[in-house]
Amino acid sequence: MAIFEGAGVALVTPFKENGEVNYEKLEEIVEEQIAGGTDAIIACGTTGEASTMSHEEHLDVVRYVCQVTKKRIPVIAGTGSNCTETAVYLSVEAEKYGADGLLLVSPYYNKATQKGLICHFSAVAEAVKIPILLYNIPGRTGVTIQPETIASLCKNVDNIVGVKEASGNFSAMATMMNLADGQVDLYSGNDDQIVPLLALGGKGVISVLSNIAPAQTHAICQAFFDGNPAESARLQLAAIPLITELFREVNPIPVKAAMNLMGKGVGPLRLPLTEMEPQNQEKLRAAMTAYGLL
């Protein structure tokens, strides 16, 4: 059984103006997501700025999100690292704090071989009991988890169950799903590619868009699951102009700007990320207005 089906939100981490995590606001946005129909919460991923958190902050956020969510929907903790020992540590602690699953990005910068990736992911999986999703995002990590590697890990390691695919390479995804014998839970890592990925047998999306449009993102998936792919495609295409602006600058710069435009008060970014350029923020505002969010 998949960890979740539908739209999981790649949750932002709200900060105070002094840079500290804003836990009061974090509780507020988690509750808004649940009320909006989000199917899962992914804490401390790319969108959550985990790369600029200390290990203590990272785990505190995971713990807090689990406490607030109270098992109403699954919580998946981002616990990947380019250091296997660190990934094991974060994963073990996240499991203790109540995470329902883990999201493990491929080790970045090191540029591990496929053998190295198998050893890395297997080491983490051996240390925990909860299910694991791999995260294939070569544009950020510099390494691609090959289709054969993903299929092999999901077929041979009991608690590695699927992958968040943000490569955009549908030929590779199709190859992987062919090799997988139904044993890979596939999730889109790109909001503009939800429907075609569902058509390959995907389970849903881990979404940036869901931060500002949870009901709409859920509806894209639900329409497909309900046997209405035309409606799913219509909803997907209607969101494309907004999705374009949400990635006008590197994620999560635009989505935090969008949430602040909506009055959600999620605060600043941590360096080296900087605030969205004014001309791009105006394009974002226009797209949000056209989509009915402002």
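# Close-up views of a predicted model

View 1. The side chain of Ser 91 comes to 2.6 Å from the backbone oxygen of Ala 87. This is a predicted model. Ser 91 sits in helix α3, which spans residues 84-96. Its relative accessibility is 0%, so Ser 91 counts as buried. Leaving aside residues up to four places away in sequence, Ser 91 touches Thr 79, Leu 102, Leu 104, Val 124 and Val 128.

**View 2. Asn 159 in the loop between α6 and β6.** This loop holds Asn 159. Its relative accessible area is 13%, so Asn 159 is buried. Two backbone oxygens are shown with the side chain. The side chain of Asn 159 reaches the backbone oxygen of Ala 125 at 3.1 Å. A polar atom of the Asn 159 side chain also lies 3.1 Å from the backbone oxygen of Val 128. Beyond residues up to four places away in sequence, the contacts of Asn 159 are Ala 125, Val 128, Lys 129, Ile 130, Pro 131 and Ile 132. Val 128 is also listed among the residues touched by Ser 91.

**View 3. The closed barrel.** Eight strands form a closed barrel in the order β1-β2-β3-β4-β5-β6-β7-β8, and the pairing is parallel. On average, neighbouring strands of this sheet are turned by 25 degrees against each other, direction ignored. Helix α2 (residues 55-69) packs on the sheet. This helix touches β2 and β3, the latter being residues 75-78. The direction of α2 makes about 175 degrees with that of β3.

**View 4. Strands β1 and β2 side by side.** Strand β1 covers residues 6-10, and strand β2 covers residues 40-43. The two pair in the parallel sense over 3 bridges. Gly 8 stands opposite Ala 40 in β2. Strands of a sheet pair through backbone hydrogen bonds, either parallel or antiparallel.

**View 5. Two aromatic pairs.** The count of aromatic pairs comes to 2. In one, the ring centres of Phe 4 and Tyr 187 are 4.6 Å apart. Their planes meet at 25 degrees, so this pair is stacked. Phe 4 lies in the segment before β1, and Tyr 187 lies in strand β7 (residues 185-188). The pair therefore ties together parts that are 183 residues apart in sequence. Both Phe 4 and Tyr 187 are buried.

The other pair joins Tyr 23 and Tyr 64, with ring centres 5.1 Å apart. Their planes are at 70 degrees, so the pair is edge-to-face. Tyr 23 belongs to helix α1 (residues 23-35) and Tyr 64 to helix α2, so the contact ties together parts that are 41 residues apart in sequence. Tyr 23 has 23% relative accessibility and counts as partly exposed. Tyr 64, at 17%, counts as buried; the cut-off for buried is under 20%.

**View 6. Helix α7 from its start to its end.** Helix α7 runs over residues 170-180. At its start, a side-chain oxygen of Asn 169 reaches to within 3.2 Å of the backbone nitrogen of Ser 171. Ala 172, Met 173, Met 176, Met 177 and Ala 180 are buried. Seen down the axis of α7, its buried residues fall within an arc of 135 degrees, so they line one face of the helix. These buried residues pack against α6 (147-156), β6 (160-165), β7 and α8 (194-199). The face turned away from the buried side carries the exposed residues Ser 171 and Asn 178. Asp 181 follows α7 and has a positive phi, near 55 degrees.

**View 7. Pro 268 in the loop between α11 and α12.** Helix α11 covers 253-261 and helix α12 covers 278-291, with Pro 268 in the loop between them. Pro 268 has a relative accessible area of 16% and is buried. Ile 253 is 15 residues from Pro 268 in sequence, and their C-alpha atoms are 9.1 Å apart. Not counting residues up to four places away in sequence, Pro 268 touches Phe 15, Lys 16, Glu 17, Glu 49, Lys 256 and Glu 275.

Notes:
Residues are numbered from 1 along each chain as its sequence is written. This is a predicted model: local features need pLDDT of at least 70, side-chain atom pairs count only at pLDDT 80 or more; totals for chains, interfaces and linings use all residues. Side-chain values use heavy atoms; hydrogens and water are left out. Two strands pair if DSSP finds at least two bridges between them. Helices (H or I, at least four residues) and strands (E, at least two) are DSSP runs, numbered from the N terminus. Axes are lines fitted to C-alpha atoms, for helices over the stretch in contact, and angles run from 0 to 180 degrees between N-to-C directions. Contact means heavy atoms within 4.5 Å. Rings of Phe, Tyr and Trp (its six-membered ring) pair if their centres lie within 6.5 Å; planes under 30 degrees apart count as stacked, over 60 as edge-to-face and the rest as tilted. Buried means under 20% relative accessible area, exposed over 50%, partly exposed in between (1.4 Å probe, protein chains only). The arc is that of the directions from the helix axis to the C-beta atoms. A polar contact is a pair of N or O atoms within 3.5 Å; within protein, one must be able to donate a hydrogen and the other to accept it, and residues adjacent in sequence count only if both atoms are side-chain atoms.
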